[in-house]
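Please read the following account with the sequence and the model side by side.

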Amino acid sequence: MRNRWWAVPVLAGGAALLAACGSSASPSASGTTPATGGGTTAPAAAAHSSSTPAGGAVISTRSTSKGTVLVNAKGRTLYWFAIDTPTSSKCTGTCATYWPPVVGKPAAAAGMSLPKHLGTITRSNGQVQATYEGHPLYTYVGDTAPGQLKGNGLKLSGALWWAMTPSGAKLGTATATSPSSSAGGGGYGY
């Protein structure tokens, strides 16, 4: 009887742990991502969500050390994938785990005017994805803070990724590398 006082906290903690484990089983549903090589876990895709509660994507600009880029409402850099077309995304499955699509109808932030056309495509899973000048937009889980450009110039999933600029031009070309060849990148295997 005297040892039962600990049962309630242990059971509550166990239930919380099971709930957390159960919610991480699906990266696309929970916003978590599988671990990368080197024993680290990739940042949560949900932290890069570009959607507003009303289902739209608010887009603005941000100055960086390499130039001005488009960002989502949280200040995360937006990217485009070189092999996408104006009507379809080639980044699906595991690719979309590391390069979360910007979902929802895009709109420029209040008081902002963007020089190119905002639009949408419908992804193979039925989601509406924001586009800019015909390029489907994504964030990158490797960017862990607003204004980072860790995905710019990376060659992953069969093509290069570029930070989206207001003009639609490539941002100051970075060395085309793969995370598997850089320290701590771990190689995503997609």
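Gly56 has Lys105 as its bridge partner in strand 4. This is a predicted model, in which local features need pLDDT of at least 70 and side-chain atom pairs count only at pLDDT 80 or more, while totals for chains, interfaces and linings use all residues. Residues are numbered from 1 along each chain as its sequence is written, and side-chain values use heavy atoms, with hydrogens and water left out.

Strand 1 covers residues 56–64. Helices (H or I, at least four residues) and strands (E, at least two) are DSSP runs, numbered from the N terminus; two strands pair if DSSP finds at least two bridges between them. Strand 1 and strand 4 run parallel and are joined by 4 bridges. Strand 1 and strand 2 run antiparallel, with 5 bridges, and form a hairpin with 2 residues between them.

How many strands make up the open sheet, and in what order do they lie? There are 3 strands in the order 2-1-4, and the pairing is mixed. Strand 2 and strand 4 (105–108) each have a single partner strand, so each is an edge strand with one side left without a neighbour in the sheet. From one strand to the next, the twist averages 30 degrees (axes are lines fitted to C-alpha atoms, for helices over the stretch in contact, and angles run from 0 to 180 degrees between N-to-C directions). In a regular strand, side chains alternate between the two faces of the sheet.

A search of the whole structure finds 1 disulfide, defined as a pair of cysteine sulfur atoms within 2.5 Å. The disulfide links Cys91 and Cys95, with an S to S distance of 2.0 Å. Its torsion about the S-S bond is about -110 degrees, so the disulfide is left-handed. Cys91 is buried at 0% relative accessibility, and Cys95 is buried at 4%. Buried means under 20% relative accessible area, exposed over 50%, and partly exposed in between (1.4 Å probe, protein chains only).

Cys91 also belongs to the largest nonpolar core, which has 19 residues. A nonpolar core is a set of buried Ala, Val, Leu, Ile, Met, Phe, Trp, Tyr and Cys residues joined through side-chain atoms within 4.5 Å. Tyr79, Cys91, Trp99 and Trp161 touch the most other members. At least two residues of this core come from each of strand 2 (67–71), strand 3 (79–81), helix 3 (94–98) and strand 9 (159–163). A second, separate core has 12 residues, among them Ile59, Leu78, Trp80 and Trp162.
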